[in-house]
Amino acid sequence: MALSAGLQLRQSQSLVMTPQLMQSIRLLQFSHVELTRFIEQEVERNPLLELVNAESEHAEAGPDIQPEAPALQAAAGDAGEDATWADTSENQSDRMSSEIDARYENVFPDDHGTERVEQPEFIDNWKSMPGSEGGHTGEGYDLDDFAARAPTLRDHVSEQIAFAFSQPAERLIATELADQLDSAGYMVGDLAETVERLGADPQQVDSVLVRLQEFEPAGIFARSLSECLGLQLIRKNRFDPAMAALVGNLELLARRDFSALTRICGVDEEDLLDMMAEIRALDPKPGTRFETGSSELIVPDVSVRPASDGGWAIELNSETLPRVLVNQTYFATVTGKMPKKDAGQEFLSECLQTANWLARSLDQRARTIMKVATEIVRQQDAFLLHGVDHLRPLNLKAVAEAIGMHESTVSRVTSNKYMITPRGVFELKYFFTVSIASAQAGGDAHSAESVRHRIRVLVEQEAPEAVLSDDDLVDLLKKSGVEIARRTVAKYREAMSIPSSVQRRREKRARARSAAV
């Protein structure tokens, strides 16, 4: 067989991931905060992009709409250029006396005619101050700059160390131990390592730690949860031998093994329930009250409200849609003065292409979110009307086929996006749940979230003398039309932190006997 070279012509199609396409895909899965940060970075890099905000829209509204401050200034200017209360001209006192029908000295007894020459200078200086409303910068002071900073846990402990320890050596050890506190107030360092590093006496380090454990809030500088709870109970004078035994066996308390706890603590079930109530009232993380990190508020991307025709009105939240403008005038003005094939002109042409693509991508992103949200509302209409019991099973494929998009696109759109409804604020992924078959032939499937809600309601309504086991829950759900296995019920129950029937029976019987007494 002879080898030879040949030329063949083939036609094929392939999807090429261009940088612009990758950018559009990234924009879909961005949250509101991430999208805003990305747009701000693009505006800094691209001179043709402008970020539109409420202030700029108000400024572009036209000369017919004026801000309130200039209007007040114009009204005050009707009396003449010299009509100001800070004027110190020779005729000012007489003119003011005629205007208010009284002598200037009687109205302002501390002022004596034209002797107050410092007032205009003070006002002029104040208006010329940088950052003042009348200054040249046009920017006012931000009150947040003058607000007191919330003290951190480290600041709170340092203030107490300064008063509690007078010896320099003890203060040095206390400061070193304070550096080993975590955000919850627990000491995560090793005492032996601290002793070796400082070259201090171990007994002295232990003594300093004992004094540090007396600081506020109660429970800080503990090395375990048991020690943290014990320190708080000691502060309340409630750390007796029975309570010490209960705090030392928290694993039995987590399992609700009341029989073992009553035997170890030497108390009856009534006293044990009272001790458990005291444990619940304690703070397992006393240092978290000094956390300075601010939590981010959820800003819904889509708003759903009842419409007048009985349907639902779906709107995009304008606050989550950053609006950008492409400055075509600047591009035409600058490039018109440049020679052809100039490096600057090529740079601006690339910036124009990027800016136009970004604007189209943002518009397409908004349209895609609207399509997905509309289909979700159409599918979950019963949930919006009647609650979680009527939440339908839904998957990405069903929504993608309904709106003519790929499943991956729907998945990106539903990530980190929220919808505000009459039932509350939900992430879009909340409406996608697993389907559970119906116990009736030909019946509608049930959503896993609605089944979990039914299990929670059944457990809350059970009586102390008739606690429901997992098999009982399976039978009750089957009677209501839900075909579910016992292991699935156990999985859902554990995911909701619901104890087993044995543990619930012990706790509810003990509570019932305590209430009867």
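What share of the contacts in the protein chain with a separation of 6 or more is accounted for by residues 24 or more positions apart? Such pairs account for 58% of these contacts. The model under discussion is predicted, and every value reported here is computed from that model.

## Overall composition

The protein chain contains 517 residues, of which 34% count as buried. Its secondary structure consists of 25 helices and eight strands.

The accessible surface of the protein chain amounts to about 32,500 Å². Carbon and sulfur atoms contribute 51% of that surface.

## Helices 20 and 21

Two packed helices are described by the angle between their axes and the distance between the axes. For helix 20 (residues 396-403) and helix 21 (residues 407-414), the axes come within 8 Å and cross at roughly 110 degrees. Because angles of 65 to 115 degrees count as roughly perpendicular, helix 20 is roughly perpendicular to helix 21.

On the side of helix 20, the contact is made by L396, K397, V399, A400 and I403. Helix 21 contributes E407, V410, S411 and T414. Classified by residue type, the contact of helix 20 with helix 21 comprises five nonpolar, two polar and two charged residues.

Strand 5 (residues 418-421) pairs with strand 6 (residues 424-427) in the antiparallel sense, over four bridges.

## Backbone features in loops

The loop between helix 11 (202-212) and helix 12 (225-235) holds P217. The peptide bond leading from E216 to P217 is cis, and its omega is near -5 degrees. F221 also lies in the loop between helix 11 and helix 12. Although F221 is not a glycine, its phi is positive, at about 65 degrees. Is F221 buried or exposed? The relative accessible area of F221 is 0%, so this residue counts as buried.

A positive phi also occurs at S497, a residue other than glycine, where the value is near 60 degrees. S497 is located in the loop between helix 24 (486-495) and helix 25 (501-516). With a relative accessible area of 64%, S497 is exposed, whereas F221 is buried.

L233 is placed in helix 12. Its relative accessibility is 1%, and L233 therefore counts as buried.

Which residues does L233 touch when those up to four places away in sequence are not counted? They are R238, F239, M243, V247, E278, I279 and L282. For L282, the separation from L233 is 49 residues in sequence, while the C-alpha to C-alpha distance is 8.2 Å.

T433 belongs to the loop between strand 6 and strand 7 (435-436). This residue has a relative accessible area of 12%. Since buried means under 20% relative accessible area, T433 is classed as buried.

Apart from its neighbours within four places in sequence, T433 is in contact with L391, R392, P393 and L394, and also with S447, A448 and E449.

Definitions and conventions. Residues numbered from 1 in each chain as written. Predicted model: local features only at pLDDT ≥ 70, side-chain atom pairs only at ≥ 80, totals over all residues. Heavy atoms only, no water. Helix = DSSP H or I, 4+ residues; strand = E, 2+ residues; numbered from the N terminus. Buried < 20%, exposed > 50% of the residue type's maximum accessible area, 1.4 Å probe, protein only. Contact = heavy atoms within 4.5 Å. Areas by Shrake-Rupley, 256 points an atom, 1.4 Å probe, with all protein chains shown as cover. Axes fitted to C-alpha atoms, helices over the stretch in contact; angles between N-to-C directions. Parallel < 35°, antiparallel > 145°, perpendicular 65-115°, else oblique. Nonpolar A, V, L, I, M, F, W, Y, C, P; charged D, E, K, R; others polar. Pairing = 2+ DSSP bridges.
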